[in-house]
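I set aside some time for this chain and kept short notes as I went.

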Amino acid sequence: MLRQICCSGFQPFRQRLLPWLQSTTLSRSRATDRVQPSAIRHVRSWSNIPFITVPLSRTHGKSFAHRSELKHAKRIVVKLGSAVVTRGDECGLALGRLASIVEQVSVLQNQGREMMLVTSGAVAFGKQRLRHEILLSQSVRQALHSGQNQLKEMAIPVLEARACAAAGQSGLMALYEAMFTQYSICAAQILVTNLDFHDEQKRRNLNGTLHELLRMNIVPIVNTNDAVVPPAEPNSDLQGVISVKDNDSLAARLAVEMKTDLLIVLSDVEGLFDSPPGSDDAKLIDIFYPGDQQSVTFGTKSRVGMGGMEAKVKAALWALQGGTSVVIANGTHPKVSGHVITDIVEGKKVGTFFSEVKPAGPTVEQQGEMARSGGRMLATLEPEQRAEIIHHLADLLTDQREEILLANKKDLEEAEGRLAAPLLKRLSLSTSKLNSLAIGLRQIAASSQDSVGRVLRRTRIAKNLELEQVTVPIGVLLVIFESRPDCLPQVAALAIASGNGLLLKGGKEATHSNRILHLLAQEALSIHGVKEAIQLVNTREEVEDLCRLDKMIDLIIPRGSSQLVRDIQKAAKGIPVMGHSEGICHMYVDSEASVDKVTRLVRDSKCEYPAACNALETLLIHRDLLRTPLFDQIIDMLRVEQVKIHAGPKFASYLTFSPSEVKSLRTEYGDLELCIEVVDSVQEAIDHIHKYGSSHTDVIVTENEKTAEFFLQHVDSACVFWNASTRFSDGYRFGLGAEVGISTSRIHARGPVGLEGLLTTKWLLRGQDHVVSDFSEHGSLKYLHENLPVPQRNTN
């Protein structure tokens, strides 16, 4: 029968809870007469201060189809494998790891979810206690018989597992109680055997007990009663009902019996692999579907516990069939164990997710592999063939403009009222934009003739031993962009010209536009059989998950808001990120600036396209220009253009009635807003730029050539201009054809990144049976290291 060992702390919890409920009832009697009994389940207590949380609601039936839906899970079972709760020596518990798991379960419980634990560890805990008792007993006996202080080496007998379980159950539960008490959560232990599930009355008792505990905000901790459980019989599953042979099958059976939304199985491996973990070709399976088990080779079971990965998969598939979603993940890794459970519930790509719904298209991992192989084929094409693909894409942009604009119109209609005006402007396509795109693509095609395989350096190492450094593609690029469908053909053309595979992740606000533009790019690629080199990610992959694909992606290029870039830079693990987090561009108006030039430059830099990353954000004015006609003209022009002015601290001090003082001198407005500050000299302007700028684009306006050259040489930014608008910081305007972005990095590429920035190099050495030993002190050959002429680059 069902054995409920203990629920200590239950009465104190109710004694604390019920008086509060009664007082709440009295205080609300006029409005509601009484508190409904069902409200009890939504009461949470934290540091003895109870509060009500918003209940989660989900009708149990089918399992979740996508990871992103896991955040809606209301009832969750967490199964802790033996390898998770025990130490490496298998004698005792991993206390730090266990405390972290309890903390995560408590956080989810206090969010209004119903948490249940299926835990191992009683045998290991009991083994530790029994070993200690045996050692103590032997040491006492030896001391009595020998009378000596030095004890002989003592042999520890083999301990029977059921005895260890009996000795460890109470201590394990006491430990859980102590940990959960820190979060004002009560825990109750339930021990079961396989027989408890075969008796209908016992099943009903178990179900009723668990529901009552959950209703009272108590975390049930369930375990097989290893002190009395008989050895598992092989192939004992009957009529589609899984037999409880270990805690994996127990967790699955419990999850289905309790109509649980999510089962999290924590083990000592990252999830399910397509071959035994540790083998050379093993790859983690992100999503596992029923029927895929035939393509998986299972390894041996974990170092401790009853079952291996095969048992976990069998239990997971059974639970999935019963309507419960399942994730198998690593609960032992020190870098992730502290948040693995909460990450899974938030829908992050952790472990292996079991799903009954197969996506219509390829997974993002498969797309990455296709982009890799397609990119390598693209790189082997002749330069003329790559140029032909780009020319064809440029023709398609103009020939199919009506279809493109119709798709873009759908995006604009759906975004109306949801996006700010600057973002809507970025989202919008027009005939003129498409024509400009086509012109830019033809420029890229012309400049790509000798981009890949161009010889940069030749050296004669020794006689008949020559070394070359040549340009090659980087590999696979991941470009993430927001509200910018015109970005897709630009980046696609640059990837084609440089022979790189490409993964594109666009914003959902441009779904229709991106889809048709990607189809046109693949149509152009098809003329030379490399259609798969460019992939558009349409799955529900989160950007953070894409940034973890370090085995498939060689470079990430974000195109979007400063917040997007910062998030990607933070999320990227082991993958370089090219880009800039902010575009805080400055213009310094020197005391010797031309009156005729200043207003034109300021208007163009700020008002022509204020949402662009190369738009002016801070105007620095020399102190001598205050209260002059030039200064008045600048202010009048900004007023006419409806630019909101924010005064810097020094500028505000000169004014009796100043505009609103700037909150931060390090602000990218992205709109018709501008900060104005006063400086005393060109050096102070440079110091201000270095302190508050983002190393993007900075300008000086002056007629003094010496002052201008000083500014150009001393400002440490990607782009530094003299008497020119900040808006010239652009790949198309630089003659690069297009750009994948503007980089403020100090390595590889800086400023507008065009074709050259998407290439790296490799070394080619051609010899004739050369060995290093021939160049030793007594060898027959000597190093020459002669520079050889490099083939001239084709500039036509």
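Predicted model: local features only at pLDDT ≥ 70, side-chain atom pairs only at ≥ 80, totals over all residues.

**Entry 1: the parallel sheet**

I began with an open sheet of four strands, which pair in parallel in the order S15-S14-S13-S16. From one strand to the next I noted an average twist of 20°.

Next I looked at how strand S14 (residues 501–506) meets S15: they pair in the parallel sense through three bridges. Leu 503 has Gln 535 of S15 as its bridge partner. Helix H18 (residues 511–525) packs on this sheet and touches S13, S14 and S15, its direction making about 160° with that of S15. Helix H12 (residues 364–379) also lies across strand S13 (476–481), S14 and S15, and runs at about 140° to S14.

**Entry 2: the nonpolar cores**

Which residues touch the most other members of the largest nonpolar core? I found Leu 378, Ile 389, Ile 390, Ile 404, Leu 502 and Leu 504, out of 51 residues in that core. Helix H17 (residues 487–498) gives the most to it, with nine residues.

Beyond four places in sequence, Leu 504 touches Val 479, Phe 481, Leu 488, Val 491, Ile 534, Gln 535, Leu 536 and Val 537. There is also a second, separate core of 40 residues, and among its members are Val 85, Met 115, Phe 125 and Val 350.

I checked the length of helix H10 (residues 309–321) against its residue count. At 1.5 Å a residue, its 13 residues should span 18 Å, and the end C-alpha atoms are 18 Å apart, so the two agree. The buried residues of H10 are Met 309, Lys 312, Val 313, Ala 315, Ala 316, Leu 317, Trp 318, Ala 319 and Leu 320. They pack against several elements, including helix H9 (247–257), strand S3 (75–80) and strand S9 (325–330). After H10 comes Gly 323, with a positive phi near 100°.

Helix H8 (residues 200–215) has 16 residues and reaches 22 Å from first C-alpha to last, close to the 22 Å expected. Here the buried residues are Leu 206, Thr 209, Leu 210, Leu 213 and Leu 214. Why do I place them on the same side of H8? Because they cover an arc of only 130° around the axis. As a reminder to myself, an α-helix has 3.6 residues a turn, so residues three or four places apart point the same way. The cover over the buried residues of H8 includes S3, strand S4 (114–119), strand S6 (218–224) and H9.

Is Glu 468 buried or exposed? Its relative accessibility is 15%, so Glu 468 counts as buried, the cut-off being under 20%. Glu 468 sits in strand S12 (residues 465–473). Setting aside neighbours within four places in sequence, I listed its contacts as Val 455, Arg 457, Arg 458, Lys 762, Trp 763, Leu 764 and Arg 766. Val 790 is 322 residues away from Glu 468 along the chain, yet their C-alpha atoms are separated by 9.3 Å.

S12 belongs to an open sheet of four strands, ordered S25-S12-S11-S26 with antiparallel pairing. Strand S25 (759–766) and strand S26 (786–788) form the edges, and the twist averages 25° from one strand to the next. Strand S11 (residues 455–462) is joined to S12 by six bridges, and Arg 457 has Gln 469 of S12 as its bridge partner.

Definitions and conventions: Residues numbered from 1 in each chain as written. Heavy atoms only, no water. Pairing = 2+ DSSP bridges. Helix = DSSP H or I, 4+ residues; strand = E, 2+ residues; numbered from the N terminus. Axes fitted to C-alpha atoms, helices over the stretch in contact; angles between N-to-C directions. Contact = heavy atoms within 4.5 Å. Core = buried A, V, L, I, M, F, W, Y, C linked by side-chain atoms within 4.5 Å. Buried < 20%, exposed > 50% of the residue type's maximum accessible area, 1.4 Å probe, protein only. Expected span 1.5 Å × (residues − 1). Arc of directions from axis to C-beta.
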